[in-house]
Each structure stands twice: as C-alpha cells, then as structure tokens.
Amino acid sequence: MSDKKADTIEIPAIITVKEFAEKLDKPASEVIKVLLQNGFIANINQTLDFETASLIAMEFDYKTELEKIKESDVNIIAPEQLAEILKQEKESGENLKERPPIVTILGHVDHGKTTLLDTIRKAKVAEGESGGITQHITSYQVKINDRLITFIDTPGHEAFSQMRSRGAGIADIAILIVAADDGVKPQTKEVIKNLKKGEVPVIVAINKIDKEDANPEMVKNQLAEAGLLLEGRGGDIPFVEISAKNNLNIDNLLETVLLSADILELKADFQRRALGIILESHLDQRKGAVATAIIKTGSLNEGDYIIAGNAVGTVRQILDYNDKRIIKAEPASPVVIIGLDKVTKAGSVLQVEESRSAVKAKTKRSNLDSHYLDTEKKADVRKIEGESEEQQVKIPKLNIILKADVEGSVEAINQILSSIPQDEIILNILQSKVGNITENDIQLAKTSNAIVYGFKTMAPDKIKKTAEKNKVKIKIFDIIYKLVEDIKEELSNLLEPEIIRVDLGKLKVLKVFRTEKNKMIVGGRVTSGKVTKNAFFEILRNKELLGEGKVVQLKHLEENVSEVKSGSECGITYAPKEKKSFVRIEENDILKFYLEEAKKRKIE
C-alpha cells in the first residue's frame, strides 16, 4: 500500500468479485491475483464479505464504508418477521377461516418416528431411506374424520438439530416420540429444549409399548425430570401409548392432534397473497430449481410472482404431496414449486408479489443479507494459508469440496463437520454447494490439493476421467454417516501417531566391560520380564533417573540374540537414546527396558 491518501468507496455487506472489481475500477483478474496473494481462492462469480473486501481494498489504496441501504430497497421478509406477521393476522380477525394443523414428529433416532409416519400415511418410507434415516425434510397430508392434518417429516439424527429446530418453528403441534424400552435420550432433551424455546404445544407418543421390556412409567418419570409434565403427573401435556409398528392406538393419537388443534383455534386468511416457508430446495436437471414449501397463510396460484430468499420467479407448476399438479394451494398445504430461478436456502420465507416489477424492486438489493446468498454461486471464500507460518508447519490441514443433492443435505453435513475438533488439525471446506460434480470443482481441487466429496450426487464419466488425470480424489456417498466417517478417516491419517510405552523388564548391571565415546558394553542379570534388541531403557542409580539409552547389540553366552528373559545374564552394547545425553553406567545400576509403539490416532 502506498503513502498517498486513500479514497473511500461504499460497498454492500456482500459483493461478488466482479462487482468489487468494478467498484475499484480494476480488472477482475487483478483483483483475483491480489486475493490469491492474501491467501484467498476466488473467481469472478464468488462473493466476498465486507471484512474481506475491505482488506483487499486496502491493497488498492482504498478505504471502505458499508453502503447505506434505502428502506424501500429491502423488503424481503425474514423468518423471524413472518412469525410477527402471522400473529398480527390472527389478532386482526379479518378474513380468517379454519385451517389444518401442521404437525411435526420429533424424537431420538430409532425411537420410531419414521415408522409412525409410515403407518399414518401407509407408505414404506422407512425402507426407502438410505440407512433407515430420513435425510431430508418432507411433508404430506392425511385425512382423519374428514379433516386434514399436515405432517412435516424432519430428520431424527443428532446432526440435524438445525433442521429439527426449523421444523419445530414451522409446526403448530409437535408429537414427541419416546421409545418405552429406551427412555429419554440426549436428543429427546434437545427436542424438549427447542419446543420450550418456540413455545410449541406438545403431545407425547410413548412408542413400542408392545415390547417385553417396555416401561412407560420410566418414560413418564424421565420426562418429568426433563421438565415435561404429563397429564396425571402434575401437568397438562397429553400423551398416548402406541405401537407404531403394529398400528396400536394410532387413531387415538390423531384424534388427540385434532383436539389440540381445536383448542388452538388455528385459522388463516385464505384470500391474501401466500406466505410460506421453504423446507428444502434442489436443482433438477429437467425442471430447474425445485422447492418444497409449506403455505402458512394465503393462497398460492399458478402464475404467481414469487420471492424465496435469494431466488425469484413465476410459479410454473404446483405439485401436492402426491406429486399431483394443482392450480392453487391453500394454508397449511405442503407443496412442490417449480419456477424459481435458482436453488434457495431452506428456512427462507416464500412470498407472493403483485407483479413482476414488484419482485424486481424488492429483490434489487436482497443479496445484502448473507441469509439469502445463492447456494449455487456462493463458495465459502476461505483462507488457504494458516494464521501464521508457524501454525502452517505445526497444524496439518485437509481441504475438501462438498457437493450434495439438496440444500438441506449441505446444511446438515456442514453442521456435523463443524463439530469435529480442530485443535490439532484443520478441516478446510473450500466449497459446499448443491449440484453434480463439475470440471470447476476438479480444477479447484487440483490447485488446492483437495478431495471432492459428493452426497447423493453424480460425477459424469468425463469428470471422473479429468479427476483421474489430475490425480484428484472423488468420493461419493448416499449415507451421511459414511461420508462423515470417511472425512474423519482422512483427518486421522494426517495426525501424528500416539507413542505408547510398553514396559519390558529390568536388569541389574554386574560388570562394565568397555567404555568408548558415546558407547558402552555392560553385562548384567535380567531380574524381571525381558530385554530385547533395539529396546530403550532408563538408567537408575539409587532409584534416581540419570538418563536413557538404547540397546544396540544384545548377547547371551557370546551369541547375538534378539531377547533375553528373566533369570539369564546378557551383555549389552549401549548408546544414548538422544545425542549429547550420554550417561556412564556403573555396577549395580538398574536398567529399566521399554519399547515405544506408534498407535494410529482416530478423530472421533
């Protein structure tokens, strides 16, 4: 940076490299070059946050200020704002009609959530999921006593706490499922915490009551300890004892849901423009961006102009939970929407606007909020270099590129990976995006020495050949557990092994035969255990540790041997374990022998 006075430019909170170069009035290639010099990998379409852009601007003799935003420019509804809108709608009482309840089933993995959903909707979801685990949020409706109930299916594995939390926030009622033979688990407690935080009404389903070791009373006591008081136990939370597998008391559970819905008086305005929440989004090669959403209020129609986070578009098709095309979706309906211009972030608010021009006006500056960055274009721009040269030497690093089928998978995998301890090793996620593995991914992997991981996505044969030519590893999985385990294995391979000491035996020195520079030959009797060639030993005199040595040569009865056991005498040629630490051994010294074994360490 030169000594001249720096000019000031205004930049938004998030800016692409191309836009940033235009602000600086510099070629994009020059900006990319400076980014690389500062340890960042980026191309013209990738985004920089304000802090990173400010750092690079200094290299071009510019200061930065956060660009001022006109209130009229930003009209994207945030998830937390939607809750307030719905609250105001309910308080107004205008144009309100009864709507179906939205229900989510939450609980510990293997407690029967997917089986319960399967029993309710009469479809074998449990058998269709890889590894028996629900990987994405899905939704559907069932009809009970001529009334609809909307179910949202959220993953039960611990890695999906953010998705579970989002599911709880969307739902009117939560069914907390607890296995009668297993009781309350850490995930169960986490769910209870989320439900209390969101003030979501709860119904407890005590499952697997038909098993021999079922203990419903234990579950009730454990729930009380976790702060959930059931009816008849000093609280007002309803519960039903069920067997999801054998369809026992399922009707009672659904009737309890409808009773709770009646108490809540769930209503919505069917006449207003729709507002909803995106549950998941992915890219279909034929249909383009496909989003699953649930309508919270209002009606969604074919042809509507919509905004969903960072994406905009016109509704070309609406599909219901049976994949049947419909022209209108009303409140509490789970739908698949085709027509957005790009994949959007799960949890984004879906909003309908009156015209295409209104959509453009409202999204004019929507990229200012990092919540709505394009999942397809945003590649986390991370520093390739460590914090210092010293750290670079000491801390090994694994670079990876992640491609997945839907945004929900990206979110879930990133959450698991973020929990991996990085005190001794760095996991550097260069990119995590939705879509198939591309040539750009291979080129980035080549330049950064990264492994490309895919989850339920593809690498065409042409891409595989390119990867093989460039010696880039591609690993594709359809079970999240397996993908994470493989990454942990790669990390483990970079760790320094743990050195384990294995004690062998002791020897009492009876005679010193020869002393040379940094070498001695002594004789003695093995008093316990054994002595082996190449073993290390401690030198003790009157129980005081004087130093350490190594067995260079071992003899018994003038013959070279590999070991000598307790009770036998032997001759040892000794050298110091480390240079400049030579200790002269004397008669009656005790030598304590041991080996050092390298044990591979494992990232848990």
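Ala 412, Ile 413, Ile 416 and Leu 417 of helix α13 meet Ile 480, Leu 483, Val 484 and Ile 487 of helix α16, where contact means heavy atoms within 4.5 Å. By class, the residues of this α13–α16 contact are eight nonpolar, no polar and no charged; Ala, Val, Leu, Ile, Met, Phe, Trp, Tyr, Cys and Pro count as nonpolar, Asp, Glu, Lys and Arg as charged, and the others, Gly among them, as polar. The structure is a predicted model, in which local features need pLDDT of at least 70 and side-chain atom pairs count only at pLDDT 80 or more, while totals for chains, interfaces and linings use all residues. Residues are numbered from 1 along each chain as its sequence is written, and side-chain values use heavy atoms, with hydrogens and water left out.

The secondary structure comprises 16 helices and 33 strands, taken as DSSP runs numbered from the N terminus (helices H or I, at least four residues; strands E, at least two). Of the 604 residues in the protein, 50% are buried, that is, under 20% relative accessible area with a 1.4 Å probe and protein chains only. Among contacts between residues at least 6 apart in sequence, 72% join residues at least 24 apart.

The axes of α13 (residues 407–418) and α16 (residues 480–494) come within 11 Å and cross at roughly 40°. Axes are lines fitted to C-alpha atoms, for helices over the stretch in contact, and angles run from 0 to 180 degrees between N-to-C directions.

The largest nonpolar core has 26 residues, and Ile 400, Leu 417, Leu 427, Tyr 453, Leu 483, Ile 487 and Leu 491 touch the most other members. Such a core is a set of buried Ala, Val, Leu, Ile, Met, Phe, Trp, Tyr and Cys residues joined through side-chain atoms within 4.5 Å. At least two core residues come from each of β22 (397–404), α13, β23 (426–434), β24 (450–455) and α16. Neighbours within four places in sequence aside, Ile 487 contacts Leu 398, Ile 400, Leu 417, Leu 427 and Tyr 453. A second, separate core of 25 residues includes Ile 105, Ile 203, Ala 205 and Leu 253.

Helices α5 (residues 113–121) and α10 (residues 250–264) pack at about 90°, with axes 11 Å apart, and are therefore roughly perpendicular to each other. Leu 116, Thr 119 and Ile 120 of α5 and Ile 250, Leu 253 and Leu 254 of α10 make the contact, with five nonpolar, one polar and no charged residues.

Terms used
Angles under 35 degrees count as roughly parallel, over 145 as roughly antiparallel, 65 to 115 as roughly perpendicular and the rest as oblique.
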